[in-house]
Amino acid sequence: MVEEWTKRLQPYQQTVEELKIKLRGMRAEFAMADIKTPIEFVTGRVKKIAAIEEKAVRRHIDLDRLELDMEDIAGLRIMTQFKGDIYRVVDLLRERQDMTILEERDYVSNPKPSGYQSYHIVIEYPLQLISGERKILAEIQIRTLQMNVWATIEHALNYKNNVADPEWLAMKLQKAAELSMQVDDIYAELDQHVNTTKLGEITDASSNLQ
């Protein structure tokens with residue numbers, strides 16, 4: 001059974017590795033051009049077998065249709081410093097010719113009731129194998145570092161067994177999400193202030209040269 005799963009998931013592992021290289025390459029291009037990059041760092045993973053089986057049962061997905069009906073077996077995550085950078089990254093992905101965007105879900109402008117924020121993009125990636133091209137579904141999540149801290153802690157807490165008071169936990173997580181959003185807004189304000197100040201300095205310098 002393990003060998004069967006290993007063989008089945010190998011194309012997804014290759015997809016994740018190729019996409020990590022390409023997405024990290026975007027960050028390197030910004031650095032080489034001496035342009036502020038909207039990408040802080042990129043991670044990726046293939047969903048664990050137990051998680052695939054659990055989700056298949058929960059979503060009533062036939063294991064024979066995983067390749068068609070489960071879009072996040074291959075997952076990439078792009079972290080940004082500022083909320084506005086999320087949409088810059090989305091625009092960059094829309095322009096790429098080496099993947100096809102199938103679906104977008106904006107949980108940044110429209111957070112989930114739990115407080116979860118992230119921008120999800122489902123893509124179809126043309127993986128080149130020795131047997132020919134195979135289109136692989138993958139999910140790319142774009143979020144700020146602040147959003148990622150909240151999501152990581154929320155996931156860890158909600159996956160603990162026998163939580164004494166789940167409603168209290170949900171309430172506290174929502175409160176933490178609200179505070180997290182306020183922090184992101186402050187960071188965005190600081191970023192805008194710094195960029196405006198720099199633009200003013202450049203304008204003043206140009207005027208003095210005339």
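**Reading the sheet and its surroundings**

Guide: In strand S5, the bridge partner of Gly75 is Glu139; two strands pair if DSSP finds at least two bridges between them, and strands (E, at least two residues) and helices (H or I, at least four residues) are DSSP runs numbered from the N terminus. This is a predicted model, in which local features need pLDDT of at least 70, side-chain atom pairs count only at pLDDT 80 or more, and totals for chains, interfaces and linings use all residues. Residues are numbered from 1 along each chain as its sequence is written, and side-chain values use heavy atoms, with hydrogens and water left out.

Visitor: How many bridges join S2 to S5?

Guide: Strands of a sheet pair through backbone hydrogen bonds, either parallel or antiparallel. Here strand S2 (residues 74-80) and strand S5 (residues 132-144) run parallel and are joined by seven bridges.

Visitor: How do S4 and S5 run, parallel or antiparallel?

Guide: S4 and S5 run antiparallel, with eleven bridges between them. The two strands form a hairpin with two residues between them, and Gln128 stands opposite Glu133 in S5.

Visitor: In what order do the five strands form the sheet?

Guide: The order is S1-S2-S5-S4-S3, in an open sheet of mixed pairing. Strands S1 (41-46) and S3 (100-106) stand at the edges with a single partner strand each, so one side of each has no neighbour in the sheet. From one strand to the next, the twist averages 25 degrees; axes are lines fitted to C-alpha atoms, for helices over the stretch in contact, and angles run from 0 to 180 degrees between N-to-C directions.

Visitor: Which helices lie across these strands?

Guide: Helix H4 (residues 83-95) lies across S2, S3, strand S4 (119-129) and S5, and runs at about 165 degrees to S5. Helix H5 (residues 145-158) lies across S1, S2 and S5, at about 100 degrees to S5. Contact means heavy atoms within 4.5 Å.

Visitor: What is in contact with Glu104, leaving aside its neighbours within four places in sequence?

Guide: Glu104, found in strand S3, is in contact with Val90, Arg94, Tyr119, His120 and Ile121. Glu104 counts as partly exposed because its relative accessibility is 30%; buried means under 20% relative accessible area, exposed over 50%, and partly exposed in between, with a 1.4 Å probe and protein chains only. Between Glu104 and Leu179, the separation is 75 residues in sequence and 26 Å in space, C-alpha to C-alpha.

Visitor: Where is Asp34, and what is its phi?

Guide: Most residues other than glycine have a negative phi, and most peptide bonds are trans. Asp34, although not a glycine, has a positive phi of about 60 degrees. Asp34 is placed in the loop between helix H1 (2-32) and S1, and is exposed, with a relative accessible area of 73%.

Visitor: Which other residue may be read in this way, with a positive phi near 55 degrees?

Guide: That residue is His60, which is not a glycine either. His60 lies in the loop between helix H2 (49-58) and helix H3 (66-69), and counts as exposed at 73% relative accessibility.
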